Structure formats: C-alpha cells, structure tokens
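Please look over the strand pairing and helix packing of the model below.

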Amino acid sequence: MTLTEDQLTTRERPDFSRHSNHAATAPAFFSAWDLHAYYGESYIVQGVSFNIHEGEILALLGRNGAGKTSTLRAIARVGSPLLTHGEVWLDHQPLHSMTSHQAAAAGIQLVPEDRRIIPGLTVEENLQLAQITPPVGWSLDRIYELFPRLGERRKQEGVTLSGGEQQMLAIARALSRSIKVLLLDEPYEGLAPVIVDEIEKTLNIIKEQGITTVIVEQNAVRALMLADRAVILDTGTVVFDGTAQEVLDNEALRAEYLAI
Ligand SMILES: Nc1ncnc2c1ncn2[C@@H]1O[C@H](COP(=O)(O)OP(=O)(O)OP(=O)(O)O)[C@@H](O)[C@H]1O
Ligand SMILES: [Mg+2]
C-alpha cells in the first residue's frame, strides 16, 4: 500500500543528505524514497532512494536484471511492478499516490525501451495523438526545430522510420506532453555510434531548456559522459550515488557493478 495524504503529513520527510552531493538546503526537485515494488510474488525493487536536482541528467546504471526498468516503471506509476511502499515526489507533488495518467499530467514522461510508436499513424499523427488531452507541452513547430528529420518525415508512417528516428519520435512525443522529468530506458539500444552522437546532442539541448532527465543505458560510458550524476543499482538496491565523473574515475566500482 502506498501512503495516504494523512500519513504523509504526519511523517518526517526523508533525509537524502547521505545520498546527495548537493548541500541539503532546498528540498530536492525530484525524490524517490525507499521504493519497494513487486511483480506478483517477486520482490524486485528493494528500497531504492535517490534524488535529482532540477535540470540535471542522472544516469541510472547497473547490470542486466539489476532493476533499472522496474525502478523507472515504479516512478512513472505504471501498474506493474506494484509499488507497495515508498514515496515519489516531483516538484512537491506526491506521485506515489497517483495513477500513471495523473503522474504523466504532473510531468513524468517515460520513454520505454520498445519506444511504442503507434502503427498506422504518421510521425505527425503520433505527436498529435499525444497532445489530444491537456496538459500539452512543446508545439509541433518547436519539436520540428529540435528534430528537423522528424519535420521532413512528418507525413511518413512512424513505424517505417529508422531506429534512430523512431527513438527521436519517442522522445519528441514525451516533449509534446507537459514535461518536467524525462525517463529514458535504453535510448541508444541498437543504434549506430553516429546516431547515438546525434541523440546525445539533442539530450543536451533538452537539458539547456531546463528539463530533467534520467537515462538508463547498457552503454554506461556514453551515459556517464552525458550525465551529471549517477546512481548504480544492484539486485534492486542502490549501491552507489555520486557524480558521473566519480564512476568514470573508479575502475573497481565499474568492474564490480557495471562490468566495464
Ligand atoms: N514482468 C515481470 N515479471 C516478473 N519478473 C520480472 C518482470 N520484469 C522484470 N522482472 C525481473 O525483475 C528483475 C529486474 O528486471 P528489470 O527489467 O527491472 O532489470 P534491468 O536492470 O532493467 O535489466 P536490463 O538491463 O536487462 O534491462 C529481473 O530479475 C527480471 O527478471
Ligand atoms: Mg531494463
């Protein structure tokens, strides 16, 4: 069971200072605190806590099966895994007591690994469909300015785009909703290095626009080079929380938890 509003007001807010590299003055823009989540009987997310400051890029890393996707899904309030305990706060809004639709309206957008481009719809229709209900985010013009290739292909069926273009469309669709935090699950998967370069550039521009990003990547080095901070998961718990540079500099840590 997630906590009720009453329980929340009578509880002390979590102290993240031991996890954070930032002065513990202002409350975090985003915080996940002591998340526990299950697929049926399988206990997968086992007490995950971390926070993110506004405008940061956080790399959420760990070996296969460490619980990265499950953590993103629990944060976005997707029904499975079921969040049984813990709190997720975004800009003072309690996501833990919301449905996935409410969490999306509050500003969380998850771009899943399979990208979910809708078959039978053009690029533009995929974007328009995302904007059918408020709150709406970036306009089509602004999206096409950031992704000129999507503009050129706007009348093309979305699923016929290249892998890189489909990833751009999936990110564009997240931006077309009112967004504060972008959660990206393996955005570089299956893409050539030159396309990864292009997506990385785009993510830096998105950062300049003030959007906060969490990137989950098997390509940990690329993610660390982009990110400000890193959180490493192992069997559903946080084993490292610090700067991305610390992970790049720490060979033993990388060998133990990332196998790189
Ligand atoms: N739908 C599910 N039902 C039951 N168990 C699941 C389900 N999805 C994932 N798991 C299990 O939960 C654990 C964590 O999986 P998760 O997908 O979150 O890991 P991950 O870190 O994203 O791994 P990868 O790098 O392979 O994507 C794994 O042991 C996985 O087998
Ligand atoms: Mg995964």
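This is a predicted model: local features need pLDDT of at least 70, side-chain atom pairs count only at pLDDT 80 or more; totals for chains, interfaces and linings use all residues.

Four strands form an open sheet, in the order E2-E1-E4-E5. The pairing is antiparallel. Strands of a sheet pair through backbone hydrogen bonds, either parallel or antiparallel. E2 and E5 are the edge strands. Each of them pairs on one side only. E5 covers residues 93-94.

Two of the pairings are set out here.

| Pair | Residues | Sense | Bridges |
|---|---|---|---|
| E1 with E2 | 30-39 and 42-52 | antiparallel | 8 bridges |
| E1 with E4 | 30-39 and 82-90 | antiparallel | 7 bridges |

Ala37 is partnered by Val45 of E2. On the E4 side, the bridge partner of Phe30 is Leu90.

E1 and E2 also form a hairpin, with 2 residues between the strands. Which residue there takes a positive phi? Gly40 does, with a value near 55°.

**The helix pair H4 and H7**

Helix H4 spans residues 123-130, and helix H7 spans residues 163-175. Their axes come within 9 Å. They cross at roughly 30°. Angles under 35 degrees count as roughly parallel, so H4 and H7 are roughly parallel to each other. The crossing of H4 and H7 is right-handed.

Which residues make the contact? H4 supplies Val123, Asn126, Leu127 and Ala130. H7 supplies Leu169, Ala172 and Arg173. By class, the contact of H4 with H7 has 5 nonpolar, 1 polar and 1 charged residues. An α-helix has 3.6 residues a turn, so residues three or four places apart point the same way.

**Helix H8**

Helix H8 covers residues 193-208, 16 residues in total. From its first C-alpha to its last, H8 reaches 23 Å. That is close to the 22 Å expected at 1.5 Å a residue. What follows H8? Gly210 does, and its phi is positive, near 95°.

**Recap**

The open sheet runs E2-E1-E4-E5. H4 and H7 cross at roughly 30°. H8 has a span close to the expected one. Positive phi values are found at Gly40 in the hairpin and at Gly210 after H8.

Terms used. Residues are numbered from 1 along each chain as its sequence is written. Chains are lettered from A and ligands numbered from 1 in the order in which they are written. The expected span of a helix is 1.5 Å times one less than its number of residues. Axes are lines fitted to C-alpha atoms, for helices over the stretch in contact, and angles run from 0 to 180 degrees between N-to-C directions. Angles under 35 degrees count as roughly parallel, over 145 as roughly antiparallel, 65 to 115 as roughly perpendicular and the rest as oblique. A crossing is left-handed if the near helix is turned anticlockwise from the far one by less than a right angle, and right-handed if clockwise. Two residues are in contact if their C-beta atoms, placed from the backbone, lie within 7 Å. Ala, Val, Leu, Ile, Met, Phe, Trp, Tyr, Cys and Pro count as nonpolar, Asp, Glu, Lys and Arg as charged, and the others, Gly among them, as polar. Two strands pair if DSSP finds at least two bridges between them.
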